[in-house]
Amino acid sequence: MATSKFSDLYPDVLPLLAADPSEPVMDRAIRRAAIEFCDLSRVWRVTPDAMTTVAGEGFYDLEPPAGAEVAHVVGVKVAGRLLPARTLMEVERTVANWRGTGEVQCFTQMDPEQIVLAPAPSESGLSLEIV
């Protein structure tokens with residue numbers, strides 16, 4: 001994949017601007033546009049290394065690469081089984097004792113950089129994959 005500097009894009013950006021902004025302003029605008037493109041198109045994906053579950057622990061932090069932010073978790077597998085994604089409301093309504101332990105039925109997110117398994121796994125050492 002070819003790498004470009006922001007300054008390589010100045011000729012494309014300048015004709016669209018009413019004023020002649022400084023380079024830092026153009027760099028910031030190009031960076032924001034690239035982030036928005038990646039977020040909306042989901043063209044850039046990262047598959048982190050697998051983790052293992054800890055009995056009774058339902059919250060797992062996601063660690064994106066340096067300089068990146070988590071926009072969306074596409075899927076989660078526990079012990080090779082793909083879990084359905086649910087909103088917190090759906091989890092509260094459909095998963096009995098979701099704050100307890102048992103066989104994991106689904107996952108949700110309360111913030112972008114953490115997943116919540118519902119209920120928390122009852123055993124340690126299960127493979128936990130973000131896909």
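## The largest pocket

In this predicted model, the largest pocket holds about 1,300 Å³ of space, a pocket being an open set of points on a 1 Å grid over the protein atoms alone, where a 1.4 Å probe fits and protein lies on both sides within 12 Å along at least five of seven lines. The volume is the space filled by probe spheres set on the points, which are joined across faces, edges and corners.

Its lining comprises 38 residues, with Cys-38, Trp-44, Val-46, Ala-68 and Glu-69 nearest the centre, where a lining residue has an atom within 4 Å of a point. Helix H2 (residues 23-41) gives the largest share of that lining, seven residues; helices (H or I, at least four residues) and strands (E, at least two) are DSSP runs, numbered from the N terminus. By class, the lining divides into 24 nonpolar, five polar and nine charged residues, with Ala, Val, Leu, Ile, Met, Phe, Trp, Tyr, Cys and Pro counted as nonpolar, Asp, Glu, Lys and Arg as charged, and the others, Gly among them, as polar.

## Numbering and basis

Residues are numbered from 1 along each chain as its sequence is written, and side-chain values use heavy atoms, with hydrogens and water left out. Because the model is predicted, local features need pLDDT of at least 70 and side-chain atom pairs count only at pLDDT 80 or more, whereas totals for chains, interfaces and linings use all residues.

## Salt bridge and a buried strand residue

One salt bridge (a side-chain nitrogen of Lys or Arg within 4 Å of a carboxyl oxygen of Asp or Glu) is found in the whole structure: Glu-103 pairs with Arg-81, their closest N and O atoms being 3.7 Å apart. Glu-103 lies in the loop between strands S5 (101-102) and S6 (106-111) and Arg-81 in strand S4 (residues 81-83), so the pair ties together parts 22 residues apart in sequence.

Gln-114, found in strand S7, counts as buried at 15% relative accessibility, buried meaning under 20% relative accessible area, exposed over 50% and partly exposed in between (1.4 Å probe, protein chains only).
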